[in-house]
Amino acid sequence: MVNLPSTPPGTLRLLRRRSGARRALLATTAATVAVAVAGVCIVVGWLPTGADRARAAAGPGMSADDVSAQIAAGSASLASMGPALVVVVLLSAAAAAARLSGLRGASREAESAVLRARGLSRAQILVMELREAAIIAGTGGAAGWVLGLGVLIALGAGTERGLSTWPVAAAASTALGAVVVGATMLAVRRPASTIRARGARAATAASVVLLGTGVVVVLTQLGTALTRGVDPIVVVAPSVVLLAAAVTSVAAFAGLAALADRSSGLGPALVPSLPTRQLARRLPVYAVVVALVALTAAQAVFAAAYDGTWTRTAEVSAALRTGADLRADLAGDPVTPQLVADTAEVAGVDDAAAALIADVEFGGTEAGIVALPAAAAASVIPRATGLDSRALTEALTSRPATVTIEPLAMDGDRVRLAATLDTERVALAERVGLSIVVLDARGTPATIRLDALSLDRASGAGGGIRIVAETDLPSAAGPWRLLAVTASLRAGAGTAAVEISLSPTGSIPAEGTGVLSADSGTVVLWRGEQPVEGPPPVAAAMSAPLAERLGAGVGDTLEFRYAGAGRRGEIVVAAVVPVIPGAAEPDAVFVPLEELTLSMLQRGTTIIAPGSVWASGAPDAATALQSMVDGQVTTARPGVAATVAGSLVAGWWIATAAALVLAVVGVIAALQTLSTARRGEVAALRALGVPARTQANARMLELAAVGAGALLLGVGTGAVAAALTVPRLVDAVAAQVGAATPAIAGIPLVAALAALAVGLGGAAVWTARDVRRLASRATVGEDAR
């Protein structure tokens with residue numbers, strides 16, 4: 001520990017004059033702290049606004065408790081990923097502030113030597129540097145907090161939320177102040193002249209190895225990261241991979257600069273020999289510029305990847321969770337063909353279909369089953385799910401040795417049935433009812449009980465009682481197809497087994513027989529099926545997680561039981577897909593609704609009616625649909641939790657904007673210091689007859705090579721870092737359906753890179769103009785001799 005002596009009054013006057021001589025660098029460092037503190041405050045103040053937007057975007061029919069639960073889930077994602085954004089902003093700021101402090105120390109190397117020779121101790125010089133650092137951190141932090149407060153108010157985050165960020169501003173200012181102090185102490189204790197290019201290259205190589213090891217650790221541990229609360233791996237992962245990208249870019253640039261120096265030095269021309277020679281010669285200084293630019297470019301790519309991946313994953317997840325653009329889950333009553341027809345007529349709805357979603361059990365494994373009409377699946381299931389529903393349903397309905405329906409086309413909207421009961425007891429015949437299981441034009445199944453018209457003595461040798469019943473079918477849902485005819489017997493005294501025969505009529509030319517009794521209750525008299533031996537299985541698509549759990553593959557036949565009932569069924573796996581749309585859990589199967597309905601009638605006498613309506617169309621139609629149904633309507637838009645966590649996307653771009661400003665400020669300061677150090681070179685070249693324009697063009701080419709090379713290397717290494725990390729990050733912080741879907745937000749990325757390129761271009765043009773101005777002067781100053 002260094003004991004810092006008190007500073008005498010004369011030293012205070014010296015401190016003011018030393019600071020005044022470097023006011024540009026001091027102001028630049030303070031601005032760096034201000035931008036970083038403002039960025040941190042904006043990120044911290046903006047992220048909670050996602051809850052306000054989520055409440056406003058909650059779908060119709062969602063209860064307050066459901067909204068609160070979803071907001072809590074989204075806030076957990078914010079808590080997991082939010083600190084990572086703060087670390088990324090501070091990382092960029094620390095890199096820029098450290099370099100600016102190093103430049104300040106380097107520019108005072110000769111000055112400090114003179115002061116030491118005149119009796120000023122190293123400790124006194126250090127006290128002056130520390131006081132400057134404290135002033136920089138204090139003024140920069142205060143200005144940054146005020147700037148962040150203004151931006152938050154302008155963005156609509158609220159004054160109270162902006163004022164509450166002062167502890168974050170104080171912590172960020174303290175951290176950056178420590179960085180400035182550390183860099184200053186290093187500059188005082190280790191002058192820049194002692195740092196050689198070979199040592200810089202060795203340090204870069206060591207940094208690549210260390211950060212590469214860190215990247216491997218981060219990538220291997222992200223899969224086990226916590227999805228709730230703050231996980232250190234999630235917090236440090238973006239910073240580690242971005243630092244690795246920046247250091248790798250510096251190492252690659254050093255190799256390219258050395259190669260360019262050797263190749264261009266063979267020619268006699270001044271340009272490009274001079275720019276490439278200067279690149280190789282001043283690599284330690286240019287390495288800072290490359291690191292800042294590459295880090296910012298890599299962060300822009302990372303932010304664009306997170307933006308695109310999160311947005312795409314949220315859309316795909318919402319579509320998979322809902323199964324359709326619009327979904328209405330009824331509270332109690334089953335879905336009727338009329339309701340489906342009415343839904344299709346709602347403004348903004350393109351098509352609608354009934355859906356059956358039930359819990360089933362494969363042995364001891366719980367799963368879900370989703371059934372949709374084969375014809376409607378292609379139009380109702382969104383493309384965002386990534387499932388080729390048309391090809392899938394065709395594969396399921398055309399598989400041999402499975403349930404195949406052959407329904408009977410029905411003419412008109414009026415149905416009449418005739419059946420003969422083998423009994424002479426009228427009282428028994430009065431307890432018999434006839435029902436039909438029909439499919440409407442959209443494949444919606446429905447069981448309709450017919451009204452008895454007459455009970456007459458049957459003519460002929462067999463005798464018995466002839467029952468005639470009829471009913472009207474809703475015309476809006478036609479044309480209709482007959483899937484089955486059933487007969488039922490209400491319980492009563494003295495019930496014995498009695499045979500019932502279905503007779504063809506003009507509207508339904510079907511016939512069949514069955515035996516009614518108190519035990520059977522209901523019998524199936526006729527089914528629209530292909531004749532087969534025994535009930536065949538239903539062709540089904542199985543989700544990959546369920547197939548892995550069951551050890552099942554294509555062609556395997558599995559029995560299942562409907563949860564909470566004795567009803568059973570059987571499927572044959574016709575396809576294995578990553579996810580089943582609309583299922584409540586990853587373990588699920590998908591089957592055509594018509595075939596599943598017929599399978600129920602083959603193995604029993606009744607069906608399970610659909611309980612949901614799926615529709616394609618505009619999500620804005622949810623309000624009108626909610627007014628029609630007694631239940632909850634959801635849309636394929638990202639839900640409340642996704643809206644809350646979606647604030648991270650804006651947070652990444654806020655952090656990137658702060659990094660962009662910091663990079664440009666740092667580059668300008670580095671170029672300014674470098675120009676001051678190279679004034680003698682400008683005078684020497686002019687004395688050798690090199691025109692001012694040629695010198696300006698050479699410096700412009702030199703800086704363009706640095707900026708373009710750093711930008712391209714940053715984009716390349718950032719793309720690799722994003723590809724390796726972003727999908728894992730999204731999986732770690734979000735509870736989506738299915739794996740993350742990689743994507744990139746192209747427009748914001750191009751805008752960010754263009755802004756960075758414009759900033760770098762402006763700095764290069766300004767530096768080139770300064771070189772030309774110096775080279776055009778008539779006299780040479782003493783400092784340039």
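Ala98 counts as partly exposed, because its relative accessibility is 29%. The residue lies in helix H4, which spans residues 64–107. This is a predicted model.

What does Ala98 touch, leaving aside residues up to four places away in sequence? Its contacts are Val179 and Ala183. Ala183 is 85 residues away from Ala98 in sequence. In space, the two C-alpha atoms are 5.4 Å apart.

## The protein as a whole

The protein has 785 residues, and 51% of them are buried. Its secondary structure comprises 24 helices and 19 strands.

Contacts across the sequence can also be counted. Take the contacts between residues at least 6 apart in sequence: 81% of these join residues at least 24 apart.

## Helix H21 and its two partners

Two packed helices are described by the angle between their axes and the distance between the axes. Helix H21 covers residues 647–677, and helix H24 covers residues 746–775. Their axes come within 10 Å and cross at roughly 15°. H21 and H24 are therefore roughly parallel to each other; the cut-off for that term is an angle under 35 degrees. The crossing of H21 past H24 is right-handed. On the H21 side, the contact is made by Trp653, Leu660, Val664, Val667, Ile668, Leu671, Gln672 and Ser675. H24 contributes Pro748, Leu749, Ala752, Ala755, Leu756, Gly759, Leu760, Ala763, Trp766, Thr767 and Asp770. Sorted by class, the residues of this contact are 14 nonpolar, 4 polar and 1 charged.

H21 also meets helix H12, residues 283–322. Here the axes come within 9 Å and cross at roughly 165°. That angle makes H12 roughly antiparallel to H21, since the term applies over 145 degrees. H12 passes H21 in a left-handed crossing. The contact of H12 with H21 has 23 nonpolar, 4 polar and 1 charged residues.

## An open sheet of five strands

Five strands form an open sheet in the order S8-S9-S5-S11-S12. The pairing is antiparallel. Which strands stand at the edges? They are S8, residues 451–457, and S12, residues 512–516, and each pairs on one side only. Neighbouring strands of the sheet are turned by 25° against each other on average, direction ignored.

S8 pairs with strand S9, residues 465–472, in the antiparallel sense over 6 bridges. Leu455 stands opposite Ile467 of S9. Val498 has Leu516 of S12 as its bridge partner. In a regular strand the side chains alternate between the two faces of the sheet. The two faces of S12 can be told apart: Gly512, Gly514 and Leu516 form a covered face, while Thr513 and Val515 form an uncovered one.

## Strand S17, covered on both faces

Is strand S17, residues 588–592, buried or exposed? Of its 5 residues, 5 are buried, so S17 is largely enclosed by the rest of the structure. Both of its faces are covered. Ala588, Phe590 and Pro592 are buried on one side, and Val589 and Val591 are buried on the other.

S17 pairs with strand S3, residues 365–372, through 5 bridges, and the two run parallel. The bridge partner of Val370 in S17 is Phe590. S17 also pairs with strand S14, residues 538–543, over 2 bridges. This pairing is antiparallel. Met542 has Val589 of S17 as its bridge partner.

## An exposed loop residue

Ala401 is found in the loop between helix H15, residues 389–397, and strand S4, residues 408–409. Its phi is positive, at about 60°, although Ala401 is not a glycine. Ala401 has a relative accessible area of 69%, so it is exposed.

Definitions and conventions
Residues numbered from 1 in each chain as written. Predicted model: local features only at pLDDT ≥ 70, side-chain atom pairs only at ≥ 80, totals over all residues. Heavy atoms only, no water. Pairing = 2+ DSSP bridges. Helix = DSSP H or I, 4+ residues; strand = E, 2+ residues; numbered from the N terminus. Axes fitted to C-alpha atoms, helices over the stretch in contact; angles between N-to-C directions. Parallel < 35°, antiparallel > 145°, perpendicular 65-115°, else oblique. Left-handed = near helix turned anticlockwise from the far one by under 90°. Contact = heavy atoms within 4.5 Å. Nonpolar A, V, L, I, M, F, W, Y, C, P; charged D, E, K, R; others polar. Buried < 20%, exposed > 50% of the residue type's maximum accessible area, 1.4 Å probe, protein only.
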